[in-house]
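Have a look at the structure below, then work through a few questions about it.

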Amino acid sequence: MPEVFSRRTLLAGAGLLAAPALIRSAHAEETFILGTWGGDYQRLQMENIEKPIASKLGIASVVDVADELPRVAKIMASRRLPRGQMDVACVQAVQAYSMAEAGVLEELTPDKVPNIAHVKAGLGMTCFAPHIWSPQILSYNPERVKSPPTSFAELADPKYKDKVGFPDVNYFYVMMAASLYASGTSTDFVKAKELLTKVNANGLHLYPSTDAGGPPFKSGEIDVGVMWLARIAMWQNAGIPVAAAFPKEGCILYVSGMVVPKNAPNKKAAFAYINAMLEPAAQIGFAEHMGYLPTVTTATLTGKVAKQLAMPDPEPKLMPPDFAVTSKALPDVTDWWKKTIQHV
Amino acid sequence: MRQKLPLAAAGLLGPATSVVVLMLAAPLALLFRDSLNRFDVTELMIETVTAANYTRFFTETFYWEVLRTTILVAATVAVLCVALGLPLAWRLARTTSRWKSLMMLLVILPLFIGSTVRTVGWMILFARNGMMDSVAGLFGTRVDLMYTTTAVIIGTLSVNLPFMVLTLQSVFEGIDDRLTEAAQGLGATPSRAFWRVVWPLALPGVMISAILSFILGMNAYATPVLLGGPRFQMMAPLVFWEFNTNSNWPFSAALAFILMATTLLLTSLSNFLVPRRYRA
Amino acid sequence: MSYLRLNGLTKRYGDTLATDAVSLEISKGELIVLLGPSGCGKTTTLRMIAGFIEATSGDIVLEGQAITGLPAHRREMGMVFQNYALFPHLSVARNVAFGLEMRRMKQAERDERVAEMLQLVKLDRLADRLPRQLSGGQQQRVAIARALAIHPKVLLLDEPLSNLDAELRQDVAREIRLLQQDRKLTTIMVTHDQQEAMAMADRLVVMRDGQVQQVGAQEDLYERPATPFVARFIGNSNLLVGSHTDAGFRTETGTHIDLAGRYQGAGRATLALRPERITLGETGQVRGTIVLSSYMGATVEHVVALDDQTRLIARGASSGPAATPRFAGGQSVFLSWPAASECLFDGGDAPIPALSHSINERISSHA
């Protein structure tokens with residue numbers, strides 16, 4: 001391969017320079033480097049995984065906070081180094097898929113991570129331990145919408161004219177949902193484009209962040225939208241009049257989890273940490289605080305959160321994205337979104 | 001002795017120059033190099049030399065429109081900045097009040113708060129059922145400013161105005177008040193004295209602060225994203241979109257270069273707006 | 001009737017009085033100099049006349065019309081600023097034309113007037129230059145031409161010589177005076193330099209702490225100072241503080257001085273003696289010891305100690321029939337002076353009239 005990945009080489013260099021800052025004074029316990037998002041997610045990781053479970057195993061994380069793409073770039077850039085920069089990296093399933101394709105990830109098997117055996121079917125991959133997941137549902141204001149929407153196509157219904165909206169950052173998942181309605185698969189973007197064009201013409205509101213997608217339900221700006229079930233629970237807890245409706249065509253899944261690079265310096269600790277993450281207690285903690293569903297069959301929700309996150313009966317079709325197709329389609333869909341949907 | 005002088009000067013300038021070259025020129029050169037590469041979905045960036053990224057920008061009307069919006073917003077903000085900042089700066093420069101330092105503090109105060117936080121403040125004002133909308137509701141009407149060009153202009157204006165007032169105030173303070181008195185003594189009314197004497201002398205400084213505001217406006221990111229919403233397109237958010245959402249580093253590098261070149265070009269053209277004899 | 005009259009002009013800044021009831025009568029064509037140390041209120045007075053400062057109370061009356069409330073641009077005053085305040089972005093000619101443009105004078109007439117003014121100050125060749133391309137002296141001439149171009153009712157000069165080189169000053173002072181007399185310009189000038197004031201003024205106004213101390217011609221101020229301050233400020237009189245009786249004057253330090261004149265009453269007093277009117281010799285009114293002797297060219301100056309704490313300066317011609325002999329340090333001498341050169345002030349700083357000489361002259365000068 002004659003090409004040189006100059007920006008990755010550069011990032012690797014930057015990573016090496018930054019490395020000393022990451023090394024905490026050595027305690028008796030074994031440290032490992034955890035690449036993750038900042039904010040609530042990292043706080044909950046500390047409170048639900050590390051403090052109650054992992055620390056008893058004698059491991060402690062050194063946290064490398066960054067956005068997902070720089071984290072992925074860092075792993076890709078240092079993949080040829082004998083000793084990598086990270087032991088555990090938190091990524092979405094789609095990123096895990098492409099990194100696994102590139103062959104930079106360690107396989108996670110029950111002999112390394114025993115709890116992997118309990119992972120629900122359809123969420124995991126050979127190199128990926130799913131941490132949290134949430135189905136994409138139709139959100140609506142139960143005070144104003146008397147009969148809940150039943151399919152994605154209703155977003156284009158004139159009765160919701162100027163009352164449809166969702167956060168712009170989820171555009172790709174919305175496209176997959178449209179495809180699911182139109183074709184039964186998550187990857188027919190030609191049909192998805194047709195449907196989204198109609199939704200857009202119906203007076204679609206876009207919001208610049210996930211957080212900004214909630215208040216419009218309260219202010220009456222929108223009545224229906226597309227969201228993660230997890231967010232609905234959070235918004236309900238914040239007093240926003242919003243409820244979830246499961247579309248009859250099924251739900252695209254948001255799955256986020258953890259991976260271990262092949263050149264991770266402390267794989268033993270990494271496996272132990274991931275195993276702790278899959279413990280029922282840790283899983284239930286995330287459900288209670290962020291509204292995400294447990295990824296293991298061993299964890300059972302109870303009380304209010306169980307009600308908020310309950311699946312209808314019969315359980316709807318749950319469909320993880322088809323990563324092999326989506327990663328290839330992403331640039332085209334992104335460009336189309338920018339120039340068609342975002343363009344007034 | 002004379003021979004040694006340039007050497008000594010070079011010695012003094014050397015460290016600063018090399019820091020600038022290292023910290024500014026080198027990354028720019030790398031960025032430019034990236035902009036000539038090719039994007040690929042799996043490999044992300046393939047090293048080559050192609051003008052395709054630039055061609056893409058100049059052949060698609062979408063990007064022209066984004067650039068036009070960016071220039072329009074930046075220029076409008078610059079003009080409004082001058083119009084609003086001028087009287088304020090003039091009063092501040094000429095006041096003999098003992099509250100002057102307090103007034104200065106009030107002008108600078110917004111700079112102590114990050115522009116993103118200030119923008120959130122505007123969001124609370126502009127939002128549906130927000131403060132402005134609620135007040136308008138009392139009169140039976142609606143104010144729906146959120147996610148509009150007006151909101152972006154107001155937001156950017158609030159970010160740039162303190163800089164404008166500060167620079168203009170020092171421009172005015174550099175102009176001897178005796179000149180105004182001399183003009184008035186010769187029969188000029190206060191307003192004629194201002195326009196005939198102070199204004200021409202302040203013009204180069206006014207131009208510089210307008211350019212400062214223009215550059216800040218051209219590169220605005222947080223305000224257009226938060227107040228303009230996803231449908232409002234300006235260059236800096238577009239650069240980030242291509243870089244982060246699309247992972248298309250070569251194209252976002254090209255966008256960054258086009259933005260920078262446009263800003264530089266318009267800035268140097270604006271110089272011709274000031275009559276030659278007034279130039280510093 | 002006076003041309004310009006200041007009537008109890010007062011300017012108050014908070015608790016401080018910048019000027020305290022300044023009253024003045026100025027005749028047409030007269031050059032009046034406001035003189036005093038910095039902070040005495042002279043510049044404030046000038047700026048109130050120009051209209052740049054509003055008076056707290058009092059009136060300014062020009063040609064019988066009160067102009068106190070008139071804004072600066074309607075007062076028709078020609079002001080020359082200390083730093084000249086030329087418009088840096090306008091050529092010399094445009095600077096001079098500025099006031100005419102404000103009056104919307106026709107182009108042809110304006111050009112003619114500008115040319116005349118530039119010729120007057122001998123700058124016709126530099127009409128197209130910018131102020132920064134001129135020397136200090138040239139800039140000042142532009143400022144004068146600019147002020148005169150509008151044919152002002154009064155010319156106001158604020159320390160016009162202070163920004164010039166020492167060697168230029170006397171020439172410029174003379175030129176201004178000649179121009180003023182030639183054109184019969186009513187002029188008010190402000191300065192802190194008494195020599196400059198003496199050289200140029202028709203009459204001088206000595207100010208101190210916002211108040212007028214004395215108004216008069218050079219000779220009035222010099223020969224008959226109204227207060228010890230004027231005696232000191234004009235011509236650097238020796239001031240001795242003490243008390244006087246019929247027997248003479250006694251300094252605070254106890255030295256007795258025979259006075260040349262005779263004065264009414266007795267009590268606290270200040271004696272002012274002009275250095276150049278003191279003669280050193282073998283007899284006199286008081287005895288002293290030479291501390292320092294300096295040869296200054298045209299004059300010889302001696303510092304004489306009357307006692308441990310009292311020193312006087314005596315100055316005399318270095319040659320000619322009235323030449324002062326030179327004394328060596330430590331030598332004992334007698335000091336004497338004529339009665340007319342002796343000024344005595346009472347405890348309230350008012351002059352005490354002499355009983356024995358020239359009462360008539362004093363009355364006539366105050367008329």
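Q: How many bridges join strand S4 of chain C to S5(C)?
A: Strand S4 covers residues 57-62 of chain C, and the pair runs antiparallel. Strands here are DSSP runs of type E with at least two residues, while helices are H or I runs of at least four, both numbered from the N terminus. Strands count as paired if DSSP finds at least two bridges between them. For S4(C) and S5(C), the number is two.

A quick note on the model: it is predicted, so local features need pLDDT of at least 70 and side-chain atom pairs need 80 or more, while totals for chains, interfaces and linings use all residues. Residues are numbered from 1 along each chain as its sequence is written, with chains lettered from A and ligands numbered from 1 in the order in which they are written.

Q: Which residue is the bridge partner of C:Val61 in S5(C)?
A: S5(C) is made of residues 65-66. Within S5(C), the partner of C:Val61 is C:Ala66.

Q: Which strands are the edges of the open sheet in chain C?
A: The sheet has four strands in the order S2-S1-S4-S5, with antiparallel pairing. An edge strand here pairs on one side only. That picks out S2 (16-26) and S5 (65-66) of chain C.

Q: How many residues of strand S9 in chain A are buried?
A: Strand S9 spans residues 251-259 of chain A and is mostly covered. Buried means 20 or more other C-beta atoms within 10 Å of a residue's own (12 or fewer is exposed, in between is partly exposed), with C-beta atoms placed from the backbone. Both faces of S9(A) are covered, with A:Leu253 on one side and A:Tyr254 on the other among the buried residues. The count is nine of nine.

Q: Which residue stands opposite A:Leu253?
A: Strand S4 (residues 129-140) of chain A runs antiparallel to S9(A), and six bridges join them. In this pairing, A:Leu253 faces A:Pro135.

Q: Which residue of S10(A) stands opposite A:Cys251?
A: S10(A) covers residues 318-319 and runs parallel to S9(A), with two bridges between them. Opposite A:Cys251 is A:Leu318.

Q: Which element gives the most to the side of chain B that touches chain A?
A: The contact takes 22 residues from chain B and 20 from chain A, where contact means C-beta atoms, placed from the backbone, within 7 Å. Strand S2 (44-46), helix H10 (222-228) and helix H11 (235-245) of chain B each supply at least two residues. With three residues, the top contributor is H11(B).

Definitions and conventions: Two residues are in contact if their C-beta atoms, placed from the backbone, lie within 7 Å.
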